[in-house]
Protein chains: 2
Amino acid sequence: MLRCEDVDSLVAVLRRSGYKITQARRAVIETLAEEASHLTAPDVVEAVQKRTPGVGRASVYRTLELLMRVGLVQSSTLGGAAATYRLTPDRHHHHVVCLECHKTVEFEECALPELERRLGERLGFELEGHLVELYGRCPDCLA
Amino acid sequence: MLRCEDVDSLVAVLRRSGYKITQARRAVIETLAEEASHLTAPDVVEAVQKRTPGVGRASVYRTLELLMRVGLVQSSTLGGAAATYRLTPDRHHHHVVCLECHKTVEFEECALPELERRLGERLGFELEGHLVELYGRCPDCLA
DNA sequence: GTATATGCAAAAAGTTTGCACAGTA
DNA sequence: TACTGTGCAAACTTTTTGCATATAC
């Protein structure tokens, strides 16, 4: 599941931006690359410490914040209250979320690249990613 | 800013679903309808208590959760860590968020209705809303 | 060598829960 | 009246901060 090329390229982005590559930061990146997805912050802390004992809680939080600022990580609430984190997917996979049971299904179609280009131009933003989530009720909960 | 028709129709949705209309629930709904947008949970607590003293913190949390489950409220992290809440807009207004300074700009264009219809059909979901956020860097932070 | 980042522990902030009481339908 | 929902306070969880030390470059 761990894809080294991915980890390396993410690390490279950090390095290029002038950030030091530390054990803690590498551990967070590797953990996110390895775990399926949608971890809450405490989940990430736990997973990181299991994989790389000795990394402090605070560093995980600081690293998540850094990775978000740099755009390597995205957070969302998946229709629930707790924020979850995951590596920004370069292959699109957005979510359909059931508001009742919080089941989520991924889908790949994305109608946004064109819109993104147009808006970026109009607003002067340099856009580098997006998040799309559809909410509703899944077949099970409808029954 | 407070639009009574809106509050009434939201209240009606709750009532129709079998939930009781209490002072606390009404206060949360009115607060969300009144405040511009993007309040964190503690923000909502504060605003509700200012507008309707006597409402307990716990009830605000319970009501937010209820409103989300019913689909009247949406939450998102706006690219940051803290979840924010707002009434589900029926007029679309999605967001462009700066990852650096968290400035957000709204836009109205939405490429999703068609996609939503198609996916709902394919997955058997009954979809009732969506969230679209674009991330990047704003002109100020680019400079 | 030096500035940046870390780990720890403590403080702060945010959220949930149990329960007796109140208010809606 | 019956039962859902409330407010409170306490417990619990999550996040942030300060600081001495370690480490990447």
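Me: Which pattern does chain A follow, read along the sequence?

Reply: Helices (H or I, at least four residues) and strands (E, at least two) are DSSP runs, numbered from the N terminus. Here, chain A reads α-α-β-α-α-β-β-β-β-α-β-α, with six helices and six strands. Before we go on: this is a predicted model, where local features need pLDDT of at least 70, side-chain atom pairs count only at pLDDT 80 or more, and totals for chains, interfaces and linings use all residues. Residues are numbered from 1 along each chain as its sequence is written, chains are lettered from A and ligands numbered from 1 in the order in which they are written, and side-chain values use heavy atoms, with hydrogens and water left out.

Me: How can I check a helix, and which residues of α2(A) are buried?

Reply: Buried means under 20% relative accessible area (exposed is over 50%, partly exposed in between; 1.4 Å probe, protein chains only). In α2(A) the buried residues are A24(A), A27(A), V28(A), I29(A), E30(A), T31(A), L32(A) and A33(A). For chain A, buried residues make up 48% of 143.

Me: What relates chain B to chain A?

Reply: In general, two copies of a chain are related by a rotation about an axis and a shift along it. Copies are superposed by least squares on the C-alpha atoms of residues with pLDDT of at least 70 in both. In this model, a rotation of 180° with 0.0 Å of shift along its axis places chain B on chain A, with RMSD 0.1 Å. The two copies are thus related as by a two-fold rotation axis. Within chain B, V132(B) has the C-alpha nearest the axis, 2.3 Å from it.

Me: Happy with that! Which residues come nearest to DNA strand C?

Reply: A residue is near a strand if one of its heavy atoms lies within 4 Å of it. Of the 19 residues around DNA strand C, the nearest are T22(A), R25(A), S59(A), R62(A) and Y61(B). The most residues of this surface, four, come from α4(B).
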